Structure formats: C-alpha cells, structure tokens
Amino acid sequence: MANPIAEPDAVTSGAYPCLILNADFQPLSYYPLSLWNWQDAVKAVFLDRVNVVSEYDHIVRSPNFHMPLPSVVSLKDFVSQGRDPAFTRFNLFLRDGFECVYCASGQELTFDHVLPRRLGGRTSWKNIVAACSRCNLKKGGRTPRGAGMTMQRKPFRPTMHQLQAQGRRFPPNYLHKSWLDYLYWDVELER
Ligand SMILES: [Zn+2]
C-alpha cells in the first residue's frame, strides 16, 4: 500500500483520522472521541466490518487498488452501550428518511412539533417530525388537522435496528462532507 504524505489540511496532526460511529450513527465515544488512524480504518473496510459514511478527497493507491480514505465509518454490528437511540437531530432526520413528513421534500428540513408547543406538545420522538420549512411555515401553530395537512407517517420512537436499516438506504457521502458535522448533528434535542 502506498504511504500517502500527510497534507497540511489534514483534520488534525494525526493526518486523516477517521471518526468511528456505532451502528446507530453515534460516535462510539466522545471522551476521548472515537478516532482511528487511516490505516486501521482502511483495514476495517477491507474486513467488511464498517460502512463508509464519508470520505476524504485524498486517495490511497497501490498497484492493486485505490480508494478514498474514509473520514467517517459506521460499525456494521452495534456495540451495545445499554441505551436506546439518542434523541438527536441526526437520528430524527434519519428516522424520517431526510424527508418532510408532509410533502416528502428533502429541502430545507426543519423540525415540527406535531401537537404545537402552545397546546402542550412535547419535544419527543412521538411529537417531532422532519418538515420542510415551507410546510412548517404553512402549518404554523396548528395541528396537522387544523392546518388541513396530512402526515405520510406517524412519528415513533425508533429502535436501533430501524435506524440501522434507514442508514443503509443512504450511500457514502450522502449525508455529510465531514465528520465534524456529526459532532454538531449529534447534539441531543432534549432529554
Ligand atoms: Zn414539506
């Protein structure tokens, strides 16, 4: 395998570190952040233990193969940490397939409280859906029925298994350019 020379814009001095997400797309650990060096990440790809979620532009070459270095991978097998999927922006959009629950648009996604907050609606798996900003604006502070809008599916609390199945629908690089996004996306909405 060729030995690529670290470029100055590598994310850290570790040169092409790869963020390791659990099968539920949570970083495997935060403190310290779960990172592998690129060699371990490439090895895990070849051993078919991970899905490549995002890649660097940098390509590693040898006479027999070439591949972009992975910047984010997710484990194929969930490492149990004894919890349900976290209620995060990322997981919520993933549950809803990155589509507005009212019109199926994938543009300018926001969160909508199905039962508005002013009517006692809570910020929870069962009351928050992905909605495009147009639909969100149209709905305003009303219930879907009050606004004459139809939900194409009801919000629910997903299992790890359901989120993993959703994750497989999205090819590498569909979601994010950089693993830094994951850290942002992973902020919990509300406990
Ligand atoms: Zn919409």
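Predicted model: local features only at pLDDT ≥ 70, side-chain atom pairs only at ≥ 80, totals over all residues.
**Exercise 1. Which exposed residues does the face of H1 turned away from its buried side carry?** Work from the buried face of the helix to the opposite one.

*Solution.* 
Step 1. Residues are numbered from 1 along each chain as its sequence is written, and side-chain values use heavy atoms, with hydrogens and water left out.

Step 2. Buried means under 20% relative accessible area, exposed means over 50%, and partly exposed lies in between (1.4 Å probe, protein chains only). Helices (H or I, at least four residues) and strands (E, at least two) are DSSP runs, numbered from the N terminus.

Step 3. List the buried residues of helix H1 (residues 38-46): Trp38, Ala41, Val42 and Ala44. Seen down the axis of H1, they fall within an arc of 160 degrees, so they line one face of the helix. The arc is that of the directions from the helix axis to the C-beta atoms. An α-helix has 3.6 residues a turn, so residues three or four places apart point the same way.

Step 4. Turn to the other face. There H1 carries the exposed residues Lys43 and Phe46.

Step 5. Find what the buried side meets. The buried residues of H1 pack against strand S1 (18-21), S2, S3 and S4, where contact means heavy atoms within 4.5 Å. After the helix comes Asp48, with a positive phi near 65 degrees.

**Exercise 2. Which residues are the protein donors of the zinc ion, and which parts of the chain does the pair Cys103 and Cys135 tie together?**

*Solution.* 
Step 1. Donors are N, O and S atoms within 2.8 Å of the metal (3.2 Å for Na, K and Ca); water is not among the atoms, so sites may look incomplete. Here the protein donors are the SG atoms of Cys100, Cys103, Cys132 and Cys135, lying 2.3 Å from the zinc ion.

Step 2. Check the geometry. The four donor atoms subtend angles of 102 to 117 degrees, which makes the arrangement tetrahedral. Four donors count as tetrahedral if all angles lie between 85 and 135 degrees.

Step 3. Read the spacing along the chain: C-x2-C-x28-C-x2-C. Cys103 lies in the loop between H2 and strand S5 (109-113), and Cys135 lies in helix H3 (residues 133-139), so the pair ties together parts that are 32 residues apart in sequence.

Step 4. Cys103 is partly exposed, at 39% relative accessible area. Cys135 counts as buried at 10%, and Cys100 counts as buried at 0%.

Step 5. Count disulfides (pairs of cysteine sulfur atoms within 2.5 Å): the structure holds zero.

**Exercise 3. How many of the residues of strand S6 are buried?**

*Solution.* 
Step 1. Five of the five residues of S6 (residues 128-132) are buried, so the strand is largely enclosed by the rest of the structure.

Step 2. Sort them by direction. Ile128, Ala130 and Cys132 point one way from S6, and Val129 and Ala131 point the other way. In a regular strand the side chains alternate between the two faces of the sheet.

Step 3. Identify the partner strand. S5 and S6 pair in the antiparallel sense over five bridges, and Thr110 has Ala131 of S6 as its bridge partner.

Note on methods: Tetrahedral: all angles 85-135°; square planar, octahedral: opposite > 155°, others 65-115°. Disulfide = S-S within 2.5 Å. Pairing = 2+ DSSP bridges.
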